[in-house]
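Please read the points below alongside the sequence and the model.

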Amino acid sequence: MSFKYLVDTSIWIEVLKKDGDSKVQEWMKMALLEEKVVITPVIKAEILSGAINEKQFAQLKEELDSLVVLDKESAVWDKTAFLNFTLHRKGINIPLTDVLIATWTLIYDCILVHQDKHYEMIKDVEKSLKTLCFGYNASPVI
């Protein structure tokens with residue numbers, strides 16, 4: 001069974017930190033070596049926006065350009081709108097970017113790797129969302 005990891009910006013930030021969590025950094029290194037990591041345009045934009053200078057921007061862009069980029073834009077936006085509508089009806093307010101990233105994960109049947117409680121809140125409503133959570137929990141949870 002071949003699966004892919006959609007790695008949220010929260011994990012990329014941890015990986016790019018000099019003093020980042022070594023467990024997260026090692027996991028990412030293995031996932032990249034196994035060519036299991038995919039990216040979305042939104043995550044790519046978030047990562048590049050955080051570059052500290054033009055040199056880092058260019059280096060990150062080159063590295064990110066080597067990853068498979070998920071698209072299906074209209075399907076993603078339609079499903080995002082409905083998922084966000086469903087969350088709001090249950091009184092759950094999540095940043096639209098997070099709902100959008102969760103939707104890409106659902107459409108492409110990926111595992112969303114993150115350190116953000118919003119995705120676990122979405123998973124409580126959208127049971128088919130698969131996640132691997134580092135960070136705010138003590139240990140990874142799938």
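1. β4 and β5 form a parallel pair joined by four bridges; strands pair here if DSSP finds at least two bridges between them. Within this pair, Ile111 has Lys130 in β5 as its bridge partner. Helices (H or I, at least four residues) and strands (E, at least two) are DSSP runs, numbered from the N terminus. The model is predicted, so local features need pLDDT of at least 70 and side-chain atom pairs count only at pLDDT 80 or more, whereas totals for chains, interfaces and linings use all residues. Residues are numbered from 1 along each chain as its sequence is written, and side-chain values use heavy atoms, with hydrogens and water left out.

2. The sheet is open and has five strands in the order β3-β2-β1-β4-β5, with parallel pairing. Its edge strands are β3 (68-69) and β5 (130-133), each of which pairs on one side only. β1 and β4 are joined in the parallel sense by three bridges, and Val7 has Val113 in β4 as its bridge partner. Over at β3, the parallel pairing with β2 rests on two bridges, and Val38 stands opposite Val68.

3. Which residues of β4 point one way and which the other? Ile111 and Val113 point one way, Leu112 and His114 the other, and all are buried. Buried means under 20% relative accessible area, exposed over 50%, and partly exposed in between (1.4 Å probe, protein chains only).

4. Helix α1 (residues 9-16) has Thr9, Ser10, Ile11, Trp12 and Glu14 buried. Contact means heavy atoms within 4.5 Å.

5. Two packed helices are described by the angle between their axes and the distance between the axes. The axes are lines fitted to C-alpha atoms, for helices over the stretch in contact, and angles run from 0 to 180 degrees between N-to-C directions. For helix α5 (residues 73-89) and α6, the axes come within 8 Å and cross at roughly 120°. α5 and α6 are therefore oblique to each other; angles under 35 degrees count as roughly parallel, over 145 as roughly antiparallel, 65 to 115 as roughly perpendicular and the rest as oblique. The crossing is right-handed, where right-handed means that the near helix is turned clockwise from the far one by less than a right angle, and left-handed anticlockwise.

6. The α5 side of that contact includes Val76, Trp77, Thr80, Leu83 and Leu87, and the α6 side includes Leu96, Leu100, Thr103, Trp104 and Ile107. The residues of this contact divide into eleven nonpolar, three polar and two charged. In this scheme Ala, Val, Leu, Ile, Met, Phe, Trp, Tyr, Cys and Pro count as nonpolar, Asp, Glu, Lys and Arg as charged, and the others, Gly among them, as polar.

7. α3 also packs on α6, at an angle of about 130° and with the axes 9 Å apart. That angle makes α3 oblique to α6. Pro41, Val42, Ile43 and Glu46 of α3 meet Thr97, Leu100, Ile101 and Trp104 of α6. By type, the contact residues are six nonpolar, one polar and one charged.

8. A further partner of helix α6 (residues 96-107) is helix α7 (residues 117-125): their axes come within 10 Å and cross at roughly 60°. That makes α6 oblique to α7, and the crossing is right-handed. From α6, Asp98, Val99, Ile101 and Ala102 meet His118, Tyr119 and Ile122 of α7. Five of the contact residues are nonpolar, one is polar and one is charged.

9. Leaving out residues up to four places away in sequence, Tyr119 touches Asp8, Asp98, Ile101, Ala102, Leu112, His114 and Leu129. Tyr119 and Val42 are 77 residues apart in sequence and 16 Å apart in space, C-alpha to C-alpha.

10. Thr105 lies in α6 and counts as buried because its relative accessibility is 1%. With residues up to four places away in sequence not counted, Thr105 touches Leu6, Cys110, Ile111, Leu112, Leu129 and Lys130.
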